[in-house]
Amino acid sequence: MHTRFDEMLAQWSGNGPLQFQTQSMGGQTQSQLQGVREHYRGYADWLARQPEDTMRSRREEAEMIFRRVGITFAVYGAKDEAGAGTERLIPFDLIPRIIPADEWRTMERGLVQRVTALNRFVHDVYHGQEILRAGIVPAEQITGNAQFRPEMIGVKVPNDVYSHIAGVDIVRARNAQGQGEYYVLEDNLRVPSGVSYMLEDRKMMMRLFPDLFSSHKVAPVMHYPDLLLETLRATAPSTTDDPTVVVLTPGMYNSAYFEHAFLAQQMGVELVEGQDLFVKDSFVYMRTTRGPKRVDVIYRRVDDDFLDPLAFRPTSTLGCAGLLDVYRAGNVTLCNAIGTGVADDKSIYPYVPKMIEFYLGEKPILSNVPTYVCRNKDDLGYVLANLKDLVVKEVHGAGGYGMLVGPASTTQEIEDFRRALEADPGRYIAQPTLSLSSCPTYVESGIAPRHIDLRPFVLSGKEVQMVPGGLTRVALKEGSLVVNSSQGGGTKDTWVLEV
């Protein structure tokens with residue numbers, strides 16, 4: 001267990017608030033913070049000069065605007081004090097996470113490599129299954145996987161791309177040499193969310209602090225909707241030269257509905273629900289006030305199970321009957337493809353470095369977090385003996401649910417989890433408790449370190465591309481390592497410096 005790596009400060013004793021000492025030099029106030037990292041120096045000096053009440057009023061302004069715009073996140077089963085409402089404002093922090101240009105270039109190369117290999121893997125799973133025949137991934141990890149869709153075997157998808165929009169969760173922790181190293185924590189290849197918060201956070205920072213953007217060369221992110229639309233159009237079936245793209249949402253009660261509506265509006269395409277679509281003569285149409293209009297590309301934010309009641313869950317009202325047949329015939333493209341989830345299952349994650357070597361003949365640029373696969377007897381023995389020090393996750397879990405953070409759990413919680421693990425070890429993986437890097441964050445006591453992660457969004461169309469940065473999530477509870485919005489986490493703007 002290494003000590004925490006802070007993104008801004010090389011030294012930060014304890015968890016207490018940051019103390020700025022300032023000195024005046026020729027009329028200029030300079031911060032006297034010890035050990036500010038080079039890429040944060042200009043920002044730290046600026047922050048030291050800001051009166052406390054100015055920053056407080058900016059925080060209140062940000063909250064008011066977010067509330068007015070309706071940037072909320074629905075938390076399932078959660079109630080406020082009055083017993084009402086599952087809508088929650090995602091807390092936004094004013095202090096950005098800053099990444100130097102050279103670090104981003106390495107991360108970007110690693111992300112392109114990883115997502116390319118994952119797309120090759122999903123294609124292989126539904127076609128030649130060479131990686132299974134080579135004995136690199138056990139066949140039962142695929143055939144026994146809840147996200148494996150036999151209906152997709154042999155189906156051709158445009159450009160052989162399955163995950164057009166991927167959200168890869170990256171954490172940084174101090175390595176044995178005392179440097180901050182980036183690790184991939186998770187691959188989200190089905191319906192990754194959060195990109196609207198990345199865009200809104202940037203818009204908010206530019207509105208509140210325009211002077212910061214004139215003094216820092218921050219790479220832009222606001223063209224993401226254009227890149228997304230370009231990616232979606234590039235996947236269109238060959239049956240059209242001018243594809244009609246829609247965003248398919250489960251509806252306004254979905255936790256990410258704000259994002260579905262936001263992205264449709266930003267791309268200038270229709271937001272549709274399953275009931276707006278129908279199948280006729282092997283094509284998909286949407287109902288419009290001017291009559292039916294053919295749909296060529298569906299950016300779906302609906303899980304596989306609910307897409308087509310004739311093929312998957314018969315009771316689903318969120319999809320469109322007959323959609324799978326049209327898809328298999330090649331007359332509509334779904335982004336992301338059906339069956340993509342087979343590659344973002346946590347039980348497949350440990351094999352990604354081997355996939356990169358198998359498909360691309362390259363060494364991984366970004367490392368995985370060391371992972372114990374509990375279906376393996378030796379790994380299970382180690383995990384059971386060290387539960388109090390490990391993070392144990394359900395392989396199908398998401399959103400911070402279904403996991404045990406050993407060091408933060410009670411003896412009773414550990415024993416309950418031990419019984420679940422012994423009863424069905426194949427359902428779990430375990431990882432060491434990484435001390436995620438921290439970033440200065442506004443909390444009640446002032447500015448204090450809080451743990452963060454990063455979700456860059458990787459787009460795969462005719463080429464793999466992304467905007468510089470991503471969504472930085474921050475665990476607002478002191479000492480907490482869980483950054484998920486559903487578990488009370490907040491967000492920050494992510495700055496990638498251009499020089």
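Author: Rings of Phe, Tyr and Trp (its six-membered ring) pair if their centres lie within 6.5 Å; planes under 30 degrees apart count as stacked, over 60 as edge-to-face and the rest as tilted. By that rule Tyr40, Tyr43, Trp46, Phe209, Phe213 and Trp495 form one aromatic cluster. This is a predicted model, in which local features need pLDDT of at least 70 and side-chain atom pairs count only at pLDDT 80 or more, while totals for chains, interfaces and linings use all residues. Residues are numbered from 1 along each chain as its sequence is written, and side-chain values use heavy atoms, with hydrogens and water left out.

Reader: How many aromatic pairs does the structure hold?

Author: There are 15 aromatic pairs. One of them, Phe66 with Phe92, is edge-to-face, at 5.4 Å centre to centre and 85° between the planes. Phe66 lies in helix 2 (residues 52-69) and Phe92 in strand 5 (residues 92-99), so this pair ties together parts 26 residues apart in sequence. Helices (H or I, at least four residues) and strands (E, at least two) are DSSP runs, numbered from the N terminus.

Reader: Are Phe66 and Phe92 buried or exposed?

Author: Buried means under 20% relative accessible area, exposed over 50%, and partly exposed in between (1.4 Å probe, protein chains only). Both Phe66 and Phe92 are buried.

Reader: What makes the pair of Tyr126 and Phe148 stacked?

Author: Their ring centres are 5.5 Å apart and the planes are at 0°, so the pair is stacked. Tyr126 sits in the loop between helix 3 and helix 4, and Phe148 in the loop between helix 5 and strand 6, so parts 22 residues apart in sequence are tied together. Tyr126 and Phe148 are both buried.

Reader: Which residues touch the most other members of the largest nonpolar core?

Author: A nonpolar core is a set of buried Ala, Val, Leu, Ile, Met, Phe, Trp, Tyr and Cys residues joined through side-chain atoms within 4.5 Å. In soluble globular proteins, nonpolar side chains tend to be buried together. The largest core here has 67 residues, of which Met107, Phe121, Ile142, Leu277, Ile298, Tyr327 and Met355 touch the most other members. Elements giving two or more residues to this core include helix 3 (101-125), strand 6 (165-174), strand 11 (283-286) and helix 11 (352-360). Helix 3 provides the largest share, nine residues. A second, separate core of 59 residues includes Met8, Ile65, Ile90 and Phe258.

Reader: With which residues is Phe121 in contact?

Author: Contact means heavy atoms within 4.5 Å. Leaving aside neighbours within four places in sequence, Phe121 is in contact with Ile131, Val137, Ile142, Val342, Ala343, Ile348, Met355 and Tyr359.

Reader: Why does Asn145 count as buried?

Author: Asn145 counts as buried because its relative accessibility is 5%. The residue is in the loop between helix 5 (139-143) and strand 6. A polar contact is a pair of N or O atoms within 3.5 Å; within protein, one must be able to donate a hydrogen and the other to accept it, and residues adjacent in sequence count only if both atoms are side-chain atoms. The side chain of Asn145 makes such a contact with the side chain of Asp345 (3.4 Å). Not counting residues up to four places away in sequence, Asn145 touches Glu140, Val342, Asp345, Ser347, Ile348 and His396.

Reader: What is the strand order in the open sheet of four strands?

Author: Two strands pair if DSSP finds at least two bridges between them. The order is 16-19-17-18, with antiparallel pairing. Strand 16 (372-373) and strand 18 (403-405) are the edge strands, each pairing on one side only. Strand 16 pairs with strand 19 (residues 428-432) over two bridges, and Tyr372 has Ala430 as its bridge partner in strand 19.

Reader: Which residues of strand 24 lie on each side?

Author: In a regular strand the side chains alternate between the two faces of the sheet. In strand 24 (residues 471-474), Leu471 and Arg473 are on one side, Thr472 and Val474 on the other, and all are buried. Strand 24 is joined to strand 21 (residues 446-455) by four antiparallel bridges, with Leu454 opposite Thr472. Strand 24 also pairs with strand 25 (residues 490-496) in the antiparallel sense, over three bridges.
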